[in-house]
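Have a look at the picture first, then read on.

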Amino acid sequence: MDSELAYSRPQKTAAQLGGLAEDRHRFLHKRILLTGESGLLAVPNGRECFLDSLRLAVRICPNVAVHVSDENDDLRVEAQDLADRIAFGKKLEFLQASLNFDQFDSILSIGAKAHPELPWTTINSNGFVARVTSGTAGISDECDVFNPIGALAAACLGVGEVFKRLIRLKGERGEMLNGFSFSLRTYTKGTADCGPAIPETLPHDLLVVGAGAIGNGIVHLISRLPFTGAITIVDREEYGPENLGTCILITPEDLNKPKAAFLASILHKYGIRADGFIGPFERYASALRQFPKIVLNGLDNIDVRHEVQRALWPDIILDGAIGDFMCQISRHPWPDDIACLICLFQKPAGRPAEEIQSEAAGLSKDRLQEPDSLVTEADVEAAPQEKRDALRSSIGHPICSVVQQAVAQQISLVRQEQGFEPSVPFVACFSGCMVMTEALAYLCGWDTKLEPRFQFDFLTGPSYGQYLPQARRTDCVCTRRRNIDKVRALHISCGARTPYY
């Protein structure tokens, strides 16, 4: 196992902070302790917070120790089994003797008490409310309303605090959170209202597009919720070592597995009907006969977001997005005057697509206008010298497929040269929590404030988040409502295949 590659994304995320994170180059050598108060670890929310914290902590630092008291022996056994499967930097240490807290650089506890004399963070949750404190103030110990979304959100906030300590983040970039609580339902701090109860059953079909870090968080939550409908997951890639540092569900045994199929297999273990489509979204959409009404995105690509919108025009798309520490949810319901994905995610001006395609494949721009035509020997002779061998092996193949493969290979090479995008698992999973909260709101008919998005910087915290309303752009295709309604009607009435609009 290449540990350097596995932790490459969290390392790059820390490195981007420069002098604002004094130990950005040393945090992987530090030690984390995960523990908890026995009373709260005995309730479902506490157990969920603990296991999710374990899943996240090992992805930001290999040196994680765990202490669970004898009163929570069942949880300790479960945590040991989980740790044995997910650890990839080194084997986790389970402590049973009395603890010397001074040997740890950061301590994360599931509980209610604060310990300001130590590098200590305490978390818990109740319903849709996530709580965290790293200072002098304790937090409420009321945790009786079970909700896996709130539990994962609390774990994200807690591991985010641990990360701040490990890298020694300067206060000017982000303060530690003290006696903080946040509602995923209302996007407000300090509330005691834990939100509505989750229904006993959720008989709804979902389409999940993207099986990376955000997609892992979404699927993890689907597995913990009472969904009885069919779940479809679409992704073209396989997991690599670099995904271990960001994807909450994968283990070293899952490397080189197709992402979509793997996440579907996770849902199968919980008795949920699921199917993984391995391939580009465009190919998935072209074969559709039954169109999804509810789409959950976990993407890092503007083009695919646009494809999802143009191909489906579903009742609603909920889109999770992240940067290095930026965390976002956006909501795109069709009936309302709210920006669609094409409105919201605008590509910066760049080279024309046909120029990039011609350069990647070695075909002339004129030939690109004949996508169903087959590559010929004449195409090979007309191509630049460095493209001829690759093009010769594609003689007889449709131009559209040859171009698609060439562009994908060029993008892959650029990514290898540039390195992987910086990201950390707690930001991605919190975005997934917001996506699933809005999904439940839509399915259950609860109100929402999003028109269309909420965004915050994880280092400063969600209390500094912003609502960013945006109506449809007048120059966007989504303003052609009458024509899109006709396309949607065809989807509903007969499942007929329609062109992108």
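Residues here are called buried under 20% relative accessible area, exposed over 50%, and partly exposed in between, using a 1.4 Å probe and protein chains only. The model is a predicted one, so local features need pLDDT of at least 70 and side-chain atom pairs count only at pLDDT 80 or more, while totals for chains, interfaces and linings use all residues. Residues are numbered from 1 along each chain as its sequence is written, and side-chain values use heavy atoms, with hydrogens and water left out.

**Charged pairs**

Three of them are set out below.

| Salt bridge | Closest N and O atoms |
|---|---|
| Arg-31 with Glu-93 | 3.0 Å |
| Asp-379 with Arg-367 | 2.8 Å |

What does the bridge between Arg-31 and Glu-93 tie together? Arg-31 sits in the loop between helix H2 (8–15) and strand E1 (32–36), and Glu-93 in strand E3 (residues 93–95), so the pair connects parts that are 62 residues apart in sequence. (Helices, H or I with at least four residues, and strands, E with at least two, are DSSP runs numbered from the N terminus.) Arg-31 is partly exposed at 23%, and Glu-93 is partly exposed at 38%.

Asp-379 and Arg-367, by contrast, are both buried. There's also a network: salt bridges that share partners join Glu-22, Asp-23, Arg-26, Lys-30 and Arg-168.

**Strands around E7**

Now for strand E7 (residues 180–183). Phe-180 and Phe-182 point one way from it, Ser-181 and Ser-183 point the other way, and all are buried. Strands count as paired if DSSP finds at least two bridges between them. Strand E6 (residues 129–133) runs antiparallel to E7, joined to it by four bridges, and Ala-130 has Phe-182 as its bridge partner in E7. E7 also pairs with strand E8 (residues 188–189), again in the antiparallel sense, over two bridges. There, the bridge partner of Phe-182 is Lys-189. The hairpin of E7 and E8 has four residues between the strands, and Tyr-187 in that hairpin takes a positive phi near 60°.

**Helices H4 and H6**

Two packed helices are described by the angle between their axes and the distance between the axes. The axes of helix H4 (residues 44–57) and helix H6 (residues 148–167) come within 8 Å and cross at roughly 45°. Axes are lines fitted to C-alpha atoms, for helices over the stretch in contact, with angles from 0 to 180 degrees between N-to-C directions. With contact meaning heavy atoms within 4.5 Å, the residues of H4 that meet H6 include Asn-45, Cys-49 and Leu-56. On the H6 side, Ala-151, Cys-156 and Val-159 are among those involved.

Leaving aside neighbours within four places in sequence, Leu-118 is in contact with Phe-101 and Asp-102. The C-alpha atoms of Leu-118 and Phe-101 are 7.7 Å apart.

Technical notes. A salt bridge is a side-chain nitrogen of Lys or Arg within 4 Å of a carboxyl oxygen of Asp or Glu.
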